Amino acid sequence: MKKFNLILKNLLFLAFGAFIAAFALEMFLVPNNIIDGGIVGISIMCSAKLGIPLGYFTFFLNLPFIFLALKRFGAMFVFYTFWSVSMLSCAVTIFENINRNVSDPMLACVFGGVLLGCGCGLILRNNGSLDGTEIIAIRLSGKMGFSVGEIIMFFNIFIFMAAGFVFTWSKCMYSMLTYFIAYKVIDI
């Protein structure tokens, strides 16, 4: 019974973290063309350019990485990550239709970064993940001698550069600042 209660508690916190992250994305970042790093950032750019809802991209682009995690991280991590990504995809779809009034990119960057960091931190604390690049980074860190953070930053450099071409270079810089804020909040 204790194991069941622990799993249920984790699922609730993972869902709550995903909803906080989705709120940050849809209320602050996406309307201002500010991206997060990783697969979520790629999903934001694809959604903006193709007009397909963000929830679809976040879910389907993360699937291959989730299955890749099965060999290395085990069934529970994969289950929690699948649950978190599913909840994020549903939540961004829900929040997508709410009126968004924050048009100041600096405010969007700061508040979006803080909330995104809180949501991601809650998910990581409960043994889940929201992004496939984290899974790749964890797998590569042992083989390449770089830390997980260094590998994620390497991937994100290219993703943020792409944001400069897709949106504008100022949006690219706001995205990098948002990423920095989010990861400082995750550390806290």
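Tutor: Residues are numbered from 1 along each chain as its sequence is written, and side-chain values use heavy atoms, with hydrogens and water left out. Because the model is predicted, local features need pLDDT of at least 70 and side-chain atom pairs count only at pLDDT 80 or more, while totals for chains, interfaces and linings use all residues.

Student: Why is T81 called buried?

Tutor: Buried means under 20% relative accessible area, exposed means over 50%, and partly exposed lies in between, with a 1.4 Å probe and protein chains only. T81 has 1% relative accessibility, so T81 counts as buried. T81 is found in helix α4 (residues 75-95), where a helix is a DSSP run of H or I of at least four residues, numbered from the N terminus.

Student: Which residues is T81 in contact with, leaving aside its neighbours within four places in sequence?

Tutor: Contact means heavy atoms within 4.5 Å, and on that basis T81 is in contact with I66, G128, S129 and I135.

Student: What makes the pair of F154 and F155 tilted?

Tutor: Rings of Phe, Tyr and Trp (its six-membered ring) pair if their centres lie within 6.5 Å; planes under 30 degrees apart count as stacked, over 60 as edge-to-face and the rest as tilted. A search of the whole structure finds 13 aromatic pairs. For F154 and F155, the centres are 6.2 Å apart and the planes stand at 55°, so this pair is tilted. F154, at 48% relative accessibility, counts as partly exposed, and F155, at 26%, is partly exposed.

Student: How do you know that Y179 and Y183 form a tilted pair?

Tutor: Their ring centres are 4.6 Å apart and their planes are at 45°, so the pair is tilted. Y179 and Y183 are separated by about one helical turn, because they are four residues apart in helix α8 (residues 169-187). Y179 is buried at 8% relative accessibility, whereas Y183 is partly exposed at 25%.

Student: What makes a set of residues a nonpolar core?

Tutor: The members are buried Ala, Val, Leu, Ile, Met, Phe, Trp, Tyr and Cys residues joined through side-chain atoms within 4.5 Å. The largest nonpolar core has 42 residues, of which L25, I35, L88 and L116 touch the most other members. Helix α1 gives the most to this core, with 11 residues. Apart from it lies another core, of eight residues, among them F59, L63, V78 and V85.

Definitions and conventions
Helices (H or I, at least four residues) and strands (E, at least two) are DSSP runs, numbered from the N terminus.
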